[in-house]
Amino acid sequence: MTVGSKPQSSTANSRTWWKESSVYQIYPASFKDSNGDGIGDIPGIISELDYIKALGVDIVWLSPILQSPQVDMGYDVSDYYQINPPYGNLKDVDMLIEGLHARGLKYVMDLVVNHTSDQHEWFKQSRSSKESKFRDWYIWKKPKYSADGVRQPPNNWGSYFGGSAWEYDEKTDEYYLHLFATEQPDLNWEHPDVRAAVHQIMRYWLDKGVNGFRMDVINFISKDQRFPDAPVDPSKTYPEGSEYYACGPRLHEYLQDMGKILEEYDAFSVGEMPSVYDPAEILNAVGFDRQELGMAFQFEIMDLDHGLEGKFSPGKLRLKDLKSVVTKWQSFMYENNGWNALYLENHDQGRSISRFASGEPEYRALSGKMLATFLGLQSGTPFVYQGQELGLVNIPDSWGIEKFRDLEAINFWEEFIREKPDLHEQILKEMRLKSRDNARLPMQWGPGKFAGFTSGATAPWIDVNDDYQTWNAASQISDPSSVFQYWAKILGLRKMWVEVFVYGSFTLIDESHDDLFVYSRCFEQTTAVVVTNFSSKEVDWLVPSQLSQVLTYGTILVDNYEGRKSIENTGGKVTVRPFEAFVVLDNRS
């Protein structure tokens with residue numbers, strides 16, 4: 001059939017193994033504790049490799065495991081060649097890689113090279129003296145002074161974790177740049193020795209058997225060397241200056257140098273690229289012929305429920321906005337030989353069921369399955385975050401600020417409460433919805449003490465969600481109707497129908513519908529229609545005429561209510577139940 005079909009893009013001819021793969025992300029501190037200290041570790045991950053294999057993914061990505069003071073949970077690296085001791089050691093990593101490869105799985109490592117820890121030897125040397133050979137490995141600037149002689153930062157850029165992005169160093173009378181925590185100084189990529197050091201790090205890990213990298217805020221590595229002030233934002237003392245460092249002037253030069261190394265090893269790569277909303281800009285990094293990155297995480301979907309004053313201000317998620325964003329990226333990348341990284345959850349986001357659907361008991365499993373269908377059959381490489389395959393949800397509404405552990409949330413809370421103490425309940429509500437802590441609670445393996453995350457007496461580093469006795473891996477792995485097994489079906493469909501679900505075109509259907517997100521995937525004579533209901537109400541859907549035959553003669557591949565054998569098209573209408581998802585395939589010639 002040709003419903004929604006388009007001329008075949010060169011995307012369909014630019015085939016590679018990582019386009020046909022799916023990724024499982026692990027947050028090491030919260031996955032599985034093997035030694036009873038309350039912190040997840042690499043041996044714990046090794047013990048659950050068969051569980052990961054059973055899900056049907058192809059790649060395992062670990063958030064940072066390198067040596068770090070853990071100010072920002074490992075995104076502050078103090079040594080790129082050593083493992084953070086609570087996680088294990090280099091021998092453990094070798095065993096992990098061996099275990100993954102033995103199961104036909106690949107290992108992707110988190111590469112954090114926009115900044116280091118202030119405890120890294122490079123930075124210790126850099127701040128020791130202006131004459132140090134490492135001085136220019138970081139970004140140092142002289143202070144500015146007001147008319148009355150008050151010392152000020154070099155510009156007005158704000159840190160993502162609050163306050164100025166510049167920290168004054170009294171010993172050398174200069175400021176260093178830190179776009180994130182004070183303890184995370186930004187590297188100076190203008191210096192060739194910095195780039196050479198990063199290339200050496202990449203080769204070291206690729207030679208050890210790593211199959212690629214997720215690159216943290218990689219589009220921030222090139223800064224506008226004028227370091228101008230950002231436009232004034234009346235709501236912020238220090239406004240965001242991303243227009244001067246997100247996709248800076250030399251970014252693609254730097255990415256191409258890294259891309260040559262990746263190509264040499266046939267390695268996977270995904271770049272985290274925040275503060276970019278123009279697909280053409282990201283295409284410059286992920287276009288197949290550019291040889292820079294394989295794909296990129298863009299944040300447009302993640303920002304849809306943010307309010308006017310940022311992440312932790314109230315915002316409303318509207319389905320029409322979700323449709324617009326998804327269609328923009330799906331169509332643009334397909335038509336321009338780029339590639340999407342598909343995700344609704346990761347270590348930096350709230351749980352997708354809580355944000356995009358419903359965690360209410362009667363809808364929770366349905367919501368998890370609906371979102372799996374919605375995400376997993378789009379064009380791009382899907383990323384499943386630990387616990388997403390179990391239908392895990394956000395922290396309970398009863399939890400107060402004392403339960404939070406994330407630096408971003410705690411800093412925001414302290415700053416906000418000083419300024420607006422009367423709104424603390426509102427802000428707590430938003431933090432429970434969007435805080436990074438939501439995704440960092442311990443993995444729920446079983447109904448026993450601490451959800452089976454640890455067998456020791458030491459409590460986990462962050463509390464377990466209250467619902468672990470019901471929502472856990474042990475109760476789902478062998479249940480054919482579970483969220484886990486449904487995710488396995490979706491990932492299996494991508495492999496079974498690789499032409500249509502990996503390389504096919506994407507067409508949004510019934511754009512104006514308020515509750516249903518419907519799209520088709522087409523490749524040559526094969527069409528699949530994906531129907532998802534984002535509402536808690538039953539919907540009588542007036543089927544567009546071009547879909548009538550597909551729904552009438554097609555085969556139902558999957559349905560999260562598990563009762564549909566065929567589509568009852570009564571008077572041109574189909575009844576779609578609350579949070580229902582089903583997929584119909586028509587491959588008649």
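Author: Start with D58, which counts as buried at 17% relative accessibility. Here buried means under 20% relative accessible area, exposed over 50%, and partly exposed in between (1.4 Å probe, protein chains only). The model is predicted, so local features need pLDDT of at least 70 and side-chain atom pairs pLDDT 80 or more, while totals for chains, interfaces and linings use all residues. Residues are numbered from 1 along each chain as its sequence is written, and side-chain values use heavy atoms, without hydrogens and water.

The partner of D58 is K495: the two form a salt bridge, and their closest N and O atoms are 3.1 Å apart. A salt bridge is a side-chain nitrogen of Lys or Arg within 4 Å of a carboxyl oxygen of Asp or Glu. This pair links distant parts of the chain, for K495 belongs to helix α15 (residues 483-496), whereas D58 is in the loop between α3 (49-55) and β2 (59-62), 437 residues apart. Helices (H or I, at least four residues) and strands (E, at least two) are DSSP runs, numbered from the N terminus.

Next, D72 and R436 meet in a salt bridge through their side chains, at 3.0 Å from N to O. D72 lies in the loop between β3 (66-67) and β4 (79-83), and R436 in the loop between α13 and α14 (437-440), so this bridge ties together parts that are 364 residues apart in sequence. D72 is buried, with a relative accessible area of 6%. R436 is buried as well, at 8% relative accessibility.

A further salt bridge joins the side chains of R214 and E272, with N to O at 3.2 Å. R214 is in strand β11 (residues 212-215) and E272 in strand β12 (residues 268-272), so the parts tied together here are 58 residues apart in sequence. For R214 the relative accessible area is 1%, so this arginine is buried. E272, at 5% relative accessibility, counts as buried too.

Some bridges share partners: in this way D72, K311, D348, D406, E408, R436 and R440 are joined into one network. In total, the structure holds 36 salt bridges.

Aromatic rings make contacts of another kind. Rings of Phe, Tyr and Trp (its six-membered ring) pair if their centres lie within 6.5 Å; planes under 30 degrees apart count as stacked, over 60 as edge-to-face and the rest as tilted. The count by this rule is 38 aromatic pairs. One of them is the edge-to-face pair of F374 and F517, with 4.9 Å from centre to centre and 70° between the planes. F374 lies in helix α11 (residues 364-376) and F517 in strand β17 (residues 516-523), so this pair ties together parts that are 143 residues apart in sequence. F374 and F517 are both buried. Elsewhere, ring pairs link W157, Y160, F161, W166, F180, F220, F227, Y244 and Y245 into a cluster.
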